[in-house]
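Hi everyone, thanks for coming.

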Amino acid sequence: MTEETLPATAEADTADAGDAGYRKALKSRHINMIAIGGAIGTGLFLGAGGRLAQAGPALAIVYAVCGLFAFFVVRALGELILHRPSSGAFVSYAREFMGEKGAYIAGWMHFLNWSTTGIADITAIALYAHFWSFFTPIPQWVLALIALAVVLSLNLVSVKLFGEMEFWFSIVKVAALVLFLLVGIFLLVTQHPIDGHAPGPQLIADHGGVFPAGIVPMILIVQGVVFAYASCELVGVAAGETENPKAVVPKAINSIMWRIALFYVGSVVLLAMLLPWNAYSADQSPFVTVLSKLGVPYADSIMNLVVLTAALSSLNSGLYSTGRILRSMSLAGSAPKFTGVMNRNQVPYGGILLTSSVCVIGVGLNYVVPKDAFEIVLNFAAVGILGTWAIIVLSHLLFVRKAKRGEVTRPHFRLPFSPYTEIATLVFLAAVVVLMGFDKTGRITLMALPVIVVALVVGWFAVRKRIDMSAFDKAEAS
């Protein structure tokens, strides 16, 4: 019997005990805007300036390629969501198709990703705040600590508040980007000079073309660009707390592709035609650079407020997702028991507090090495991202194989060209790891990779006797 003709009763209904107790408080508008927010973050607002200065207009190509593989990952996750929605997301799917070892690796790599991303976010928030002279006297580490305390407090209130915050954070980000694109197109059409330069394609041609620094810099920035798409998979976690994920998720995921094309690729191409690529720097958002040189009163301050919002949104999402993922792991015994505890508002505060405690280390980094804090944690976050994405793709590959054996039914919403898409994505992720070896901070990360592996192995041997799947067996039986 083929997977097309498999009766509906054979479809997997494996439940995750970690899904119990949550309020299905997220609406379709929340999920859609979380998906948008996952495609717009500090990687674009803060990272694009330095990468434009490093690789030139070729950055648009890198965004397009990395964005395509990010879409493959989230599309694979989307198919798994329709197979069985779960707040445990990829940890739950890894458990189903790879066993608890797979869930353990997926969960802790996700934790590594978002705990270090949280450090990057509070660093970005502090940097953005220093744009205004009012905050200049305040040390960077103090601003980072304040940001963490505020977002943590709000995240502990309720999932509905989280959804509302993400909704409005995303509204601000999208509205600002659309407005910037419209202003940029107007400047392009009217040939309004910016800092003595007439906008247009000639700015690309007259400053070394698409590859002004050659092919190598373009390739070397891939690992940093991957960070820009790190939030895409959060839609999978949020799906577990929405009432009708099977109707909402496909639409949200399908829209990610055009958002990547418009907001990332489109923005970089436009930026390269508004100012020479070497006019941008890692010290300032490229959008702020353009608006500052236009001389529009307070325009740069407004855009800086928007990019600060993006960093707050990312921090908010990271605390939310790690709390849910760690709870799913805790109930199986592969995470500390306290991370499975929920408060009276059905918020798994134990896992959120654990992630926040790691972010406090980031406050220390901002005190010791304020200039390097962002880049240091960026590469560690990249390792966590790559590990999480690889687990998602592997889980999907095993899911498809199971479907071909007639054990489960694939939903109509599918990752196209499977299994070739999964294989290509895994090869791409492996290539990114190799490329990290050619970057100074990337080499430091690779040197730490054996330590991460050893920590995972030691951790597994420490928790394996605590592994208890009885709660999941009961959930499946019910």
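**Two helix pairs**

Let's begin with helix α4, residues 59-83, and helix α18, residues 420-436: their axes are 10 Å apart and they pack at an angle of about 130 degrees. Please keep in mind that this is a predicted model. With angles over 145 degrees counting as roughly antiparallel and 65 to 115 as roughly perpendicular, α4 and α18 are therefore oblique to each other. The crossing of α4 past α18 is left-handed.

Who makes the contact here? On the α4 side you'll find Val65, Cys66, Phe69, Phe72 and Val73, and on the α18 side Thr421, Ala424, Thr425 and Phe428. Sorted by class, the contact of α4 with α18 has seven nonpolar and two polar residues, with no charged ones.

Now please turn to the other pair, helix α7 at residues 140-155 and helix α15 at residues 299-332. Here the packing angle is about 50 degrees, and the axes lie 10 Å apart. That angle makes α7 oblique to α15. And which hand does the crossing of α7 and α15 have, left or right? It is right-handed.

As for the residues, α7 brings Ala147, Leu148, Val151, Leu152 and Asn155, which meet Leu312, Leu315, Asn316, Leu319, Tyr320 and Arg324 of α15. By class, that contact of α7 with α15 comes to eight nonpolar residues, two polar and one charged.

So, to recap the hands: α4 and α18 cross left-handed, while α7 and α15 cross right-handed.

Technical notes. Residues are numbered from 1 along each chain as its sequence is written. This is a predicted model: local features need pLDDT of at least 70, side-chain atom pairs count only at pLDDT 80 or more; totals for chains, interfaces and linings use all residues. Side-chain values use heavy atoms; hydrogens and water are left out. Axes are lines fitted to C-alpha atoms, for helices over the stretch in contact, and angles run from 0 to 180 degrees between N-to-C directions. Helices (H or I, at least four residues) and strands (E, at least two) are DSSP runs, numbered from the N terminus. Angles under 35 degrees count as roughly parallel, over 145 as roughly antiparallel, 65 to 115 as roughly perpendicular and the rest as oblique. A crossing is left-handed if the near helix is turned anticlockwise from the far one by less than a right angle, and right-handed if clockwise. Contact means heavy atoms within 4.5 Å. Ala, Val, Leu, Ile, Met, Phe, Trp, Tyr, Cys and Pro count as nonpolar, Asp, Glu, Lys and Arg as charged, and the others, Gly among them, as polar.
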